[in-house]
Amino acid sequence: VQLQAYGGGLVQAGGFLRLSCAASGDTFSRYFMGWFRQAPGKERELVASIIRRGDSTYYRDSVKGRFTISRDDAKNTGFLQMNSLKPEDTAVYYCAAGQYYSGGSAQYDYWGQGTLVTVSS
């Protein structure tokens with residue numbers, strides 16, 4: 001599967017953005033999906049994830065209540081709605097997908113190219 005993330009941009013603190021992840025080349029519903037981010041000088045971190053069929057989601061503590069991950073398998077697209085953005089949310093955001101788990105951890109084998117989110121104070 002190929003992934004393309006888009007929707008990033010420059011927004012003021014308190015604003016919102018909606019990221020999209022368009023999948024092609026395979027049936028998106030076969031994959032679980034996650035959104036990662038990497039800020040300058042920091043390690044990449046998992047922001048949110050959603051399993052197949054969207055029955056279960058995960059959020060890192062710093063985005064709980066502000067971000068919502070979702071998917072529309074009919075459109076082969078995943079989303080990350082980001083509200084109440086903070087300057088510390090500034091990062092390149094990547095969508096990723098996988099099908100398998102190893103040692104209880106999801107293995108993300110497919111990655112989009114990243115989209116930059118900049119939140120100004």
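Predicted model: local features only at pLDDT ≥ 70, side-chain atom pairs only at ≥ 80, totals over all residues.
I started at Arg-37, whose side chain joins that of Tyr-93 through a polar contact of 3.0 Å. By polar contact I mean a pair of N or O atoms within 3.5 Å; within protein, one must be able to donate a hydrogen and the other to accept it, and residues adjacent in sequence count only if both atoms are side-chain atoms.

Residues are numbered from 1 along each chain as its sequence is written, and side-chain values use heavy atoms, with hydrogens and water left out.

**Arg-37**

I looked up where Arg-37 sits, and it lies in strand β4. Strands (E, at least two residues) are DSSP runs, numbered from the N terminus. Is Arg-37 buried or exposed? Arg-37 has a relative accessible area of 5%, so I put it down as buried. The scale is: buried under 20% relative accessible area, exposed over 50%, partly exposed in between (1.4 Å probe, protein chains only). I also found a polar contact of 3.0 Å between the side chains of Arg-37 and Asp-89.

**Tyr-93 and the core**

Next I listed what Tyr-93 is in contact with (heavy atoms within 4.5 Å). Leaving aside neighbours within four places in sequence, the list includes Leu-19, Phe-67, Leu-80 and Met-82. Tyr-93 turned up again in the largest nonpolar core, which has 29 residues; Tyr-93 is among those that touch the most other members, as are Trp-35 and Ile-69. Such a core is a set of buried Ala, Val, Leu, Ile, Met, Phe, Trp, Tyr and Cys residues joined through side-chain atoms within 4.5 Å. Strands that each supply at least two residues of this core include β4, β9 and β13.

**Val-92**

I found Val-92 in β9 (residues 91-98). Val-92 comes out partly exposed, because its relative accessible area is 24%. Val-92 touches Arg-37 too, along with others including Phe-36 and Leu-116. Val-92 and Val-117 are 25 residues apart in sequence, yet 6.0 Å apart in space, C-alpha to C-alpha.

**The sheet**

Last, I traced an open sheet of four strands, β1-β3-β8-β7, with antiparallel pairing. β1 (2-6) and β7 (67-72) are at the edges with a single partner strand each, so one side of each has no neighbour in the sheet. Two strands pair if DSSP finds at least two bridges between them. β1 and β3 (residues 17-24) are joined by five bridges, and Tyr-6 has Ser-20 in β3 as its bridge partner.
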